[in-house]
Amino acid sequence: MSEATVDPERRTWLITSAAVGGAGAVAVAVPFLSSLAPSERAKAAGASVEVDVSKLQPGEKVVVEWRGKPVWIMRRTPEQLATLEKVEDQLADPNSERKAYPTPEYAKNRYRSIKPEYLVVVGICTHLGCSPVDKLQPGPQPSLPDDWQGGFLCPCHGSTFDMAGRVFKNKPAPDNLEVPPHRYLSDTVVLIGEDPPKA
């Protein structure tokens with residue numbers, strides 16, 4: 001049997017063609033495979049949000065975005081905390097027992113929070129999705145009762161909420177403001193989007 005002769009130019013052309021073809025296959029495969037991974041927007045939509053509350057003074061509120069929703073973190077004053085018991089007989093669901101927007105067990109208390117000082121709620125009215133405004137000053141004001149203790153007013157249809165985000169009776173909002181899953185990573189860092197670990 002005689003040995004076949006291979007033209008060196010043909011060999012170079014075959015090797016070059018194979019290399020270019022392989023590079024082309026990789027160039028096509030990389031964007032295709034990366035398109036299967038979740039987008040940055042999709043990752044952000046469900047990502048937890050860390051918030052440092054160390055600089056938040058009593059009576060101040062910060063708003064952060066989580067899953068496209070505004071989340072309020074408010075450091076309540078002792079005076080604001082004292083109003084919570086005073087208004088309980090005026091509230092539609094003082095113990096957060098309604099099921100439309102279930103309240104996590106760790107927030108089923110008068111303060112609706114893990115730490116009484118800090119309120120963590122989604123700042124969207126449970127009626128039609130408007131954003132309530134701060135009405136923290138106690139006393140008579142337009143659209144509020146004369147014995148107003150401070151809280152939040154939805155400007156769209158007049159629903160009112162106390163300093164724990166609990167809705168008052170006979171208002172359009174069917175439920176208290178939603179308490180998102182959250183936990184504390186330290187005394188001054190809140191993680192929105194994850195429940196505390198179970199004991």
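A nonpolar core is a set of buried Ala, Val, Leu, Ile, Met, Phe, Trp, Tyr and Cys residues joined through side-chain atoms within 4.5 Å. In this predicted model, the largest such core holds 18 residues, and the members that touch the most others are Val121, Phe152 and Phe161. Strand β3 (69-75), helix α3 (78-86) and strand β4 (118-122) are the elements that each give two or more residues to this core. Apart from it there is a second, separate core of 13 residues, which includes Val51, Leu56, Ile73 and Ile192. In soluble globular proteins, nonpolar side chains tend to be buried together.

Because Trp72 lies in strand β3 while Phe152 lies in strand β6 (residues 151-153), the pair ties together parts that are 80 residues apart in sequence. Both Trp72 and Phe152 are buried.

Another tilted pair is formed by Tyr118 and Tyr184, with 6.4 Å from centre to centre and 50 degrees between the planes. Here Tyr118 belongs to strand β4 and Tyr184 to strand β8 (residues 182-186), so this pair ties together parts that are 66 residues apart in sequence. Buried means under 20% relative accessible area; Tyr118 therefore counts as buried, with a relative accessible area of 7%, and Tyr184 counts as buried at 15% relative accessibility.

Two of the rings described above also have a lysine over them. The charged end of Lys61 sits over the ring of Trp72, at 3.8 Å from its centre, and Lys115 lies over the face of Tyr184, at 4.4 Å from the ring centre.

Finally, the reader may turn to a polar residue, Asn176, which is found in the loop between β7 (160-161) and β8. Is Asn176 buried or exposed? With a relative accessibility of 1%, Asn176 counts as buried. Its side chain reaches the backbone oxygen of Asp93 at 3.1 Å. If neighbours within four places in sequence are left aside, the residues in contact with Asn176 are Asp93, Ser96, Arg112, Thr126, Gly165, Arg166 and Val167.

Notes: Residues numbered from 1 in each chain as written. Predicted model: local features only at pLDDT ≥ 70, side-chain atom pairs only at ≥ 80, totals over all residues. Heavy atoms only, no water. Buried < 20%, exposed > 50% of the residue type's maximum accessible area, 1.4 Å probe, protein only. Helix = DSSP H or I, 4+ residues; strand = E, 2+ residues; numbered from the N terminus. Phe/Tyr/Trp six-rings, centres within 6.5 Å; stacked < 30°, edge-to-face > 60°. Lys NZ or Arg CZ within 6 Å of the ring centre and 35° of its normal. Polar contact = N/O pair within 3.5 Å; in protein donor to acceptor, adjacent residues only side chain to side chain. Contact = heavy atoms within 4.5 Å.
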